[in-house]
Amino acid sequence: MLLIFSCVKDPDFKSPETPCNNQLMANVTFDEVKNLFQGEVIQIQQDLVIEGYVISSDQAGNIFSTLHIQDDPINATAGFQIDIDLRDSYLFYELGRKVYIKLKGLYLGKSKGVYKLGGVFTSFGNLSIGRLPATAVWDHLFLSCDPISNLVPKIISISELSEDLISTLIQLESLEVIAEEQNLTFALPEEETIRNLTDCNGGMIELLNSGYSDFQNTILPSGNGSVTAVLYRENNDYQLIIRKLNDMDMQNERCADSEVLLTSDQIFISEIADPNNNAEARFIELYNAGNNQIQLDGWFLLRYTNDNVTSGSEINLSGIIIDSNSTLVFSPNAMEFETIYGFPPDFESGTNSPADSNGDDNLVLIDPFGTVIDIFGVIGEDGSGTNHEFEDGKAERNINIVAGNSVFTFSEWTIYNDTGGSETLNLPQNAPEDYSPGIR
């Protein structure tokens with residue numbers, strides 16, 4: 001991330017006179033260039049030229065040594081990050097300026113979901129994309145003679161974000177800073193800092209800020225509204241990078257906290273399966289009893305094995321959407337699940353995951369703030385012989401339950417097993433006939 005954020009600005013730097021070029025023409029698309037990447041950093045040897053539009057700016061210091069360039073000023077479908085060793089690049093490459101990029105000699109790579117062009121450096125024997133030296137920038141990035149374009153961000157929701165839109169300009173509506181971070185500043189001094197935004201449906205996205213920006217010490221906005229930003233990504237987490245403070249227009253009233261909480265509580269664990277006749281047919285099912293689809297970024301399913309008080313495995317639900325009045329089914333073995341039940345699970349979670357419990361473990365659903373939204377079992381207590389054992393059976397949420405519960409309440413469940421507590425049904429269950437994955 002050091003490639004992104006600014007540490008020094010020179011207010012006395014004068015706008016240079018940079019000649020434009022009307023001789024170059026693009027001969028390849030962004031997607032065609034991305035397809036050249038096959039898992040390892042390469043140096044482009046072909047005489048390829050792409051054209052795009054500058055959507056980032058280092059004027060406010062929130063972006064440093066990086067240009068983000070997308071393929072169209074209005075209907076962008078792809079973007080690149082270009083790392084350059086050039087301060088005050090906004091003086092040369094203005095927002096909305098069309099540029100041509102000669103790719104021959106540049107390096108192409110992909111890091112944590114982001115396609116990058118630039119120079120190269122070696123780290124632990126591996127090539128990584130680095131800054132293009134200032135003297136080489138002018139050999140690869142050329143200004144078009146076309147007038148500066150009016151950039152139109154793609155208006156999108158958190159649930160619609162995709163990898164194709166990384167390094168493009170987007171606009172998200174109805175966002176607000178999470179309650180826990182109200183009254184904080186955008187960033188800690190001289191540190192890259194993540195703040196968190198949420199929408200009124202409980203969706204979450206990170207706001208990435210530089211501790212060197214000129215708004216670093218400004219208090220985060222307290223209202224609700226729109227954010228225009230460059231879309232970035234750090235592994236599985238989408239992030240927003242604003243170029244200046246007025247990229248955020250958040251003057252509306254905040255979502256009702258109780259409404260957001262209610263929406264979150266309406267997602268719960270609805271069925272956990274450990275079939276007596278086939279351990280490979282295990283699964284865990286979630287249900288959304290609400291009337292709104294929910295983006296589960298930052299949510300986790302945790303498994304506390306036996307009497308452990310720390311989780312031993314997890315399912316990261318980031319990037320997953322659960323529709324209203326719908327289920328999500330997770331299986332440790334998708335192929336066997338489909339063979340047994342006749343259709344594929346929604347997600348394969350792997351061996352020893354929360355979906356692969358053998359019936360004496362405890363399962364917890366948490367939201368992005370670490371709040372327990374729902375729980376099955378008692379953490380610290382092995383389920384064997386108790387009222388939360390489902391070995392060789394299942395734990396099924398009663399049909400009248402429409403919200404999660406942060407405290408295990410036996411009366412909300414019907415539990416089958418082979419040797420469980422007296423309140424449970426000692427009646428082993430066989431797949432597929434005794435199970436109903438995907439049906440609430």
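Helices (H or I, at least four residues) and strands (E, at least two) are DSSP runs, numbered from the N terminus. The S to S distance between C20 and C145 is 2.1 Å; a disulfide is counted where a pair of cysteine sulfur atoms lies within 2.5 Å.

The model is predicted: local features need pLDDT of at least 70 and side-chain atom pairs count only at pLDDT 80 or more, whereas totals for chains, interfaces and linings use all residues. Residues are numbered from 1 along each chain as its sequence is written, and side-chain values use heavy atoms, with hydrogens and water left out.

Colour C20 and C145 by accessibility next. C20 is partly exposed, with a relative accessible area of 44%, and C145 is also partly exposed, at 35%. Buried means under 20% relative accessible area, exposed over 50%, and partly exposed in between (1.4 Å probe, protein chains only).

Now select C200 and C255, whose sulfur atoms are 1.8 Å apart in a disulfide. The torsion about the S-S bond of C200 and C255 is about -70 degrees, so this disulfide is left-handed. C200 lies in the loop between β12 (193-199) and β13 (204-209) and C255 in the loop between β16 (248-252) and α3 (257-265), so the pair ties together parts that are 55 residues apart in sequence. C200 is partly exposed at 27% relative accessibility, whereas C255 is buried at 10%. A search of the whole structure finds two disulfides. With the bonded cysteines numbered in sequence order, the pairing is 1-2, 3-4.

**The whole chain**

The protein has four helices and 28 strands, and its C-alpha trace spans about 85 × 45 × 35 Å along the principal axes. Of the 440 residues, 53% are buried. Among contacts (heavy atoms within 4.5 Å) between residues at least 6 apart in sequence, 67% join residues at least 24 apart.

Display the surface. The protein exposes about 19,000 Å², of which carbon and sulfur atoms supply 46%; the areas come from the Shrake-Rupley method with a 1.4 Å probe, and for residues only the protein chains shown count as cover. Then select the charged residues: the mean positions of the 23 positive and 66 negative charges are 12 Å apart. Lys and Arg count as positive and Asp and Glu as negative, while His and the chain ends are not counted. The place of a charge is taken as NZ of Lys, CZ of Arg, CG of Asp or CD of Glu.

**Helix α4 and its cover**

Select α4 (residues 334-341), whose buried residues are A334, F337 and Y341. Viewed down the axis of α4, these buried residues fall within an arc of 60 degrees, so they line one face of the helix. The arc is that of the directions from the helix axis to the C-beta atoms. The face of α4 turned away from the buried side carries the exposed residues M335 and T339. The cover over the buried residues of α4 includes β18 (283-288), β23 (326-331) and β24.

Is A281 buried or exposed? A281 counts as buried, at 0% relative accessibility. Leaving aside residues up to four places away in sequence, A281 touches P275, I340, Y341 and A431.

**Backbone geometry**

Follow the contact from A281 to A431. The peptide bond from A431 to P432 is cis, with omega near 5 degrees, and P432 is in the segment after β28 (413-416). Most residues other than glycine have a negative phi, and most peptide bonds are trans.

Two residues with positive phi remain to be selected. S174, in strand β11 (residues 169-177), has a phi near 55 degrees and is partly exposed at 35% relative accessibility. N352, in the loop between β24 (347-348) and β25 (362-366), has a phi of about 70 degrees and is exposed at 51% relative accessibility.
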